[in-house]
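Work through the two exercises below with the model open. Try each task before you read its solution.

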Amino acid sequence: MLAMTLNALRLALRELRRNVMRSILTMLGIIIGVASVIILVTLGSGATKKVTQQIASLGSNLLMLSPGKRMGPGQSSGAAPFKLADAEAIARDVPLLAAVAPISSRSTTAIYANENWATSVTGTTEQYFPLSNRRMKDGRAFTASEVRLGAAVCVIGETVRTKLFGSQNPIGSRIRLQKLSCEVIGLLEAKGQNTMGQDQDDVIVVPLRTFQRRIAGNEDVSMIQVSVQDGVSTDRVRREITRLMRVRRHLSTTQDDNFNVMDMKEIASMLSGTTTMMTMLLGAVAAVSLLVGGIGIMNIMLVSVTERTREIGTRLAIGALEREVLLQFLVESVVISSLGGLIGIVLALLASASLAGLLQVPFVFNAPIVLIGFAFSAVVGVIFGYVPARKAASLDPIEALRHE
């Protein structure tokens, strides 16, 4: 059986060399199909990894509290905002916390000399910077005493620096935010866009009391971020925070929560699930081209059977078995599809590496999808090559020899 298979392989390679251009065009459908599947899945895996990395950069032990229920059918996000006392109560009464940062934000226009830039200003405490992994490129963050006093100081992002100051050092300069004139004491390290496409460097951070008194004109807190100590269950802390906030917001046992405690692990899981589903969907769509390539192989092989009818008749007449003829054409079909699969894999990996750099996502080598792509191409050769091979093997030798 092995000798018969090797002989069939030798005849298949000889036939491919005899019709090089036709063989390449036949492979083209398989090449495109395999390459499309691998490129889409590889880029999708890279996008998923990038989302996971960006979420992890915010802190794996991070909880986010916001007023209102989680949005959904029949639910409203409208609810009373938090107060600074709520954040202080969480820091005081909930154990095993690393940091608590109340946050309020508002869109505003920053002005420096003759330059102005529409941006967002965030009011928070000094714990915001380590909690959200925001490091200083230059200068310093504001201190706890500056937060208590409501000092007119601010820390700016790289985008704001570029728009207002160009290439010059902003430290020590004063910018205007509505009626507030504040001194720039720090410049944040650039972080780029987040998973939602928002520029994380287009921000100005001021002490919370400064924001409330000079910009917002109220004492509302729109969000509270909580960092849990390493090794501590976020689910446990989440339950403690929920219990405390229900008491502070005077909710009875029959009332639903009018606030939401979101674990960053949930957000990471949700976004990763979304990108994975999209990757699978696009991969399935691309796999359709493999079927088209298989139909192309069957068509060419049927033409080849017709062209080589006399050759087949001669082989059968001198003693070749039907199974040998069947194997010859089946091996020829598998060789065409497998070579197309290998070429498609090489092109896909090269294209994926280039596109990953262009799209700024990690290049993730997905060995299982490469193996699946190659195996699928070989299976396509078997499935779509069987009908022509069966037709060749069932030819009557006498009628085949009479064929012109």
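**Exercise 1. A helix pair**

Find the handedness of the crossing where H3 passes H8, and describe how the two helices pack.

*Solution*

Step 1. Look at the crossing. H3 passes H8 in a right-handed crossing. Keep in mind that this is a predicted model.

Step 2. Place the helices. H3 covers residues 84-93 and H8 covers residues 234-248. Their axes lie 11 Å apart, at an angle of about 135°.

Step 3. Classify the angle. Angles over 145 degrees count as roughly antiparallel, and 65 to 115 as roughly perpendicular. The angle of about 135° therefore makes H3 oblique to H8.

Step 4. List the contact. H3 brings Ala 85, Asp 86, Ala 89, Ile 90 and Asp 93. H8 brings Ile 241, Leu 244, Met 245 and Arg 248.

Step 5. Sort these residues. The contact of H3 with H8 has 6 nonpolar residues, no polar ones and 3 charged.

**Exercise 2. A pocket**

Describe the second largest pocket: what is its volume, and which element gives the most to its lining?

*Solution*

Step 1. Start with the volume. The second largest pocket has about 290 Å³.

Step 2. Find the lining. It has 14 residues. Closest to the pocket centre are Leu 84, Glu 88, Thr 125, Glu 126 and Val 147.

Step 3. Assign elements. H3, strand S2 (97-112), helix H5 (144-149) and helix H7 (208-216) each give two or more residues to this lining. H3 gives the most, with 4 residues.

Step 4. Sort by type. The lining divides into 8 nonpolar, 2 polar and 4 charged residues.

Notes:
Residues are numbered from 1 along each chain as its sequence is written. This is a predicted model: local features need pLDDT of at least 70, side-chain atom pairs count only at pLDDT 80 or more; totals for chains, interfaces and linings use all residues. Side-chain values use heavy atoms; hydrogens and water are left out. Axes are lines fitted to C-alpha atoms, for helices over the stretch in contact, and angles run from 0 to 180 degrees between N-to-C directions. Angles under 35 degrees count as roughly parallel, over 145 as roughly antiparallel, 65 to 115 as roughly perpendicular and the rest as oblique. A crossing is left-handed if the near helix is turned anticlockwise from the far one by less than a right angle, and right-handed if clockwise. Contact means heavy atoms within 4.5 Å. Ala, Val, Leu, Ile, Met, Phe, Trp, Tyr, Cys and Pro count as nonpolar, Asp, Glu, Lys and Arg as charged, and the others, Gly among them, as polar. On a 1 Å grid over the protein atoms alone, a cavity is a set of points where a 1.4 Å probe fits but cannot get out, and a pocket is an open set with protein on both sides within 12 Å along at least five of seven lines; lining residues have an atom within 4 Å of a point. Grid points are joined across faces, edges and corners, and a volume is the space filled by probe spheres set on the points.
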